[in-house]
Amino acid sequence: ITHNLILDYKDAGKLAENTQHFTYSLTDSRADVTALNVQQRELCVCFELLNGSFMSRIFIPHSSEHTPETVLVVCSVLFMWSVSAEQVVEVINELLK
């Protein structure tokens, strides 16, 4: 059985070397998935989702209980399941409408 962890990039150094993990960050583009340029707008919070060389915008309505961090965790799970970045952005934005 393979165990995969999803954790904030700043905590990745605390893991044993052979531990498989996927990282997210609100600030560090070295993470597997990062929220860049988080902006508060009139109707939503938005940010650029960075995964490798892929970048696209995510929109979280103010009426949503989600935050950029919770969205990054969900995106991380989907990426670990080999869902394409394009599909992740499409699904997340559709679900958050």
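In what sense do β4 and strand β5 pair, and over how many bridges? β4 and β5 (residues 54-61) pair in the antiparallel sense over eight bridges.

## Basis of the model

This is a predicted model, in which local features need pLDDT of at least 70, side-chain atom pairs count only at pLDDT 80 or more, and totals for chains, interfaces and linings use all residues. Residues are numbered from 1 along each chain as its sequence is written, and side-chain values use heavy atoms, with hydrogens and water left out.

## The sheet

Five strands form an open sheet with mixed pairing, in the order β1-β2-β3-β4-β5. β1 (5-8) and β5 are the edge strands, each pairing on one side only. Strands are DSSP runs of E with at least two residues, helices are runs of H or I with at least four, and both are numbered from the N terminus. Two strands pair if DSSP finds at least two bridges between them.

Strand β2 (residues 21-25) pairs with β3 in the parallel sense over two bridges, and Ser25 stands opposite Thr34 in β3. Strand β3 (residues 33-40) pairs with β4 in the antiparallel sense over five bridges; Leu36 stands opposite Glu48 in β4. A hairpin of three residues joins β3 to β4.

Of the eight residues of strand β4 (residues 44-51), seven are buried (under 20% relative accessible area; exposed is over 50% and partly exposed in between, with a 1.4 Å probe and protein chains only). The bridge partner of Leu50 in β5 is Met55. Two residues lie between the strands in the hairpin of β4 and β5, where Gly52 takes a positive phi near 65 degrees.

## The two helices

Helix α1 (residues 68-80) contains Ser76, which is buried with a relative accessible area of 0%. Ser76 touches Ile6, Phe22, Thr23, Tyr24 and Val33, not counting residues up to four places away in sequence; contact means heavy atoms within 4.5 Å.

α1 and helix α2 (residues 85-96) pack at an angle of about 140 degrees, with axes 10 Å apart. Axes are lines fitted to C-alpha atoms, for helices over the stretch in contact, and angles run from 0 to 180 degrees between N-to-C directions. Val71, Val74, Cys75, Leu78 and Phe79 in α1 meet Ala85, Val88, Ile92 and Leu96 in α2. The residues of this contact divide into nine nonpolar, no polar and no charged (Ala, Val, Leu, Ile, Met, Phe, Trp, Tyr, Cys and Pro count as nonpolar, Asp, Glu, Lys and Arg as charged, and the others, Gly among them, as polar).
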